[in-house]
Amino acid sequence: MEIIKTVELNKIFRTEEVETTALKNVNLVISKGEFAAIMGPSGCGKSTLLNIIGLLEKLTSGKLFFMDTEVSGLSERERTWYRKLYIGFVFQGFNLIDELNIYENIELPLLYQKVSSSEKKKRVEEAMERMKISHRRKHFPQQLSGGQQQRVAIARAVVSKPLMILADEPTGNLDSANGEEVMSLLAELNQEGTTIVMVTHSAVEADKAHRVIQLFDGHIVTENVKQKV
């Protein structure tokens, strides 16, 4: 089953003085259950592609399909609906809300879904337990280490049981030990059936993926597929 498909996807950023082409004629398919890594030098369009796949940014031309439905021209409200039902996000900067404690940060995606109070509590408890942060439930993000904050971010991403997780440099602000732990968590989620698309600079981390997509100047230049374990 295809989760994501792009057809001749282009993205151009325009200001009054400058026009920058971030993505050029990108044709890509992400299948259900896949773990794909997107690599390439800084400024090649990796994060832009991830943001378009995640319906955070609109493409300039071409087509984007989500589960066989074209979503290229959706309104912001419709794109928000897709995101909250099907997609979890993990960012390099964690993107936690400082004014909310850990429990509240993880609970946040469920507030936008029709989930009962008891189910909400059950899911948040399970996510905290899985990420080994239950003892930090009443703490605030700034009271946690970087590794702990990223575990909270992953818990928030999985609490709504998304079809796909998009991770943008998820270990970029972490030391090697915490980075390895985050990668192990992502690999485990993938083994359980969650589709993962990850932007990374690290060849070691990309090696955990089933497919490595190399971008250069907005083009896909190579794709390396390896056998699933």
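**Entry 1: the cavity.** I sorted the lining of the largest cavity and got 4 nonpolar, 1 polar and 3 charged residues. For this sorting, Ala, Val, Leu, Ile, Met, Phe, Trp, Tyr, Cys and Pro count as nonpolar, Asp, Glu, Lys and Arg as charged, and the others, Gly among them, as polar. The lining consists of Leu55, Glu57, Lys58, Leu59, Leu64, Val71, Ser72 and Arg79. I noted a volume of about 40 Å³ for this cavity. My search of the whole structure found 1 cavity of 30 Å³ or more. A cavity is a set of points on a 1 Å grid over the protein atoms alone where a 1.4 Å probe fits but cannot get out, a pocket is an open set with protein on both sides within 12 Å along at least five of seven lines, and lining residues have an atom within 4 Å of a point. Grid points are joined across faces, edges and corners, and the volume is the space filled by probe spheres set on the points.

**Entry 2: ground rules.** The model is predicted, and local features need pLDDT of at least 70, side-chain atom pairs pLDDT 80 or more, while totals for chains, interfaces and linings use all residues. Residues are numbered from 1 along each chain as its sequence is written, and side-chain values use heavy atoms, leaving out hydrogens and water.

Entry 3: I put the volume of the largest pocket at about 490 Å³. Of its 16 lining residues, Ile87, Phe89, Pro109, Tyr112 and Arg156 are the closest to the centre. Helix H2 (76-86), strand S6 (87-91) and H5 each give two or more residues to this lining; helices (H or I, at least four residues) and strands (E, at least two) are DSSP runs, numbered from the N terminus. S6 gives the most, with 4 residues. The lining divides into 9 nonpolar, 4 polar and 3 charged residues.

**Entry 4: helix H4.** I looked up which residues of H4 are buried (under 20% relative accessible area; exposed is over 50%, partly exposed in between; 1.4 Å probe, protein chains only). They are Lys120, Arg123, Val124, Ala127 and Met128. Seen down the axis of H4, they fall within an arc of 130°, taken from the directions from the helix axis to the C-beta atoms, so they line one face of the helix. Ser118 and Glu129 are exposed on the face turned away from the buried side. Just after H4, lysine 132 has a positive phi of about 60°.

**Entry 5: asparagine 105.** I found asparagine 105 in helix H3. Asparagine 105 is buried, at 0% relative accessible area. Leaving aside neighbours within four places in sequence, its contacts (heavy atoms within 4.5 Å) are Leu96, Ile97, Leu100, Pro141, Val152 and Arg156.
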